[in-house]
Amino acid sequence: MNQDGQGDAIKNESLTEENAGKTKECVKCKEQISVDSKKCPHCKADQVSGKQVLIGCLSFVILVLILGSCLSTCGGGPQQPVDINAPKEKQFAQAKELYASAFIIAKKFVKGRLKSPATAKFAAMKENSVVWWKDNEFVCTIGVDAQNSFGAMLRSVFLVKVKYNGDDKWSLLEIQEVK
């Protein structure tokens, strides 16, 4: 115990002069703690800022896009549904149609996860929105604005991994909200 009767957990906090005396709510126990606290002295929970979470999520998205881009340029590109004996123009058209189909299917899977799907406004497909992964698997980045259960419009980004099974049949392999 220190002289003011508080435990040793507080001695680990480092206070800057500009933030001295300022408090925030602990992310776990909701007790008031110093804005400079890295851990809550009450429940010992790490205090992670929204900015740190956002940076981590964006880093993950960028990593997936870079990795997918590398795989598609290193022979991980279209294999089965694109006829390799067809003229190049036809191969390109087949691949383009498959990418568009993957994006549309991924949007449907995302829409099924929303609280208010009727309010969904999806971002347009961009050149890097769909990455051919492997064995007819695609990773799609889907941006959407939709109402939450309280009626507020929220922007979300989903990473959706889908697989083309042939005959216009798709399956959802993984879906993750990243923002």
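I start with a polar contact: a polar atom of the side chain of serine 129 lies 2.8 Å from the backbone nitrogen of lysine 126. A polar contact is a pair of N or O atoms within 3.5 Å; within protein, one must be able to donate a hydrogen and the other to accept it, and residues adjacent in sequence count only if both atoms are side-chain atoms.

This is a predicted model, where local features need pLDDT of at least 70, side-chain atom pairs count only at pLDDT 80 or more, and totals for chains, interfaces and linings use all residues. Residues are numbered from 1 along each chain as its sequence is written, and side-chain values use heavy atoms, with hydrogens and water left out.

Serine 129 sits in the loop between strand S3 (121–122) and S4. Strands (E, at least two residues) are DSSP runs, numbered from the N terminus, as are helices (H or I, at least four).

Is serine 129 buried or exposed? Serine 129 is buried, at a relative accessible area of 6%. Buried means under 20%, exposed over 50%, partly exposed in between (1.4 Å probe, protein chains only). Serine 129 touches Phe103, Ala124, Val139, Cys140 and Thr141, leaving aside residues up to four places away in sequence. Contact means heavy atoms within 4.5 Å.

Next, strand S4 (residues 130–134). Four of its five residues are buried, so S4 is largely enclosed by the rest of the structure. Four bridges join S4 to strand S5 (residues 137–147), and the two run antiparallel. Strands pair if DSSP finds at least two bridges between them. Tryptophan 132 has phenylalanine 138 as its bridge partner in S5.
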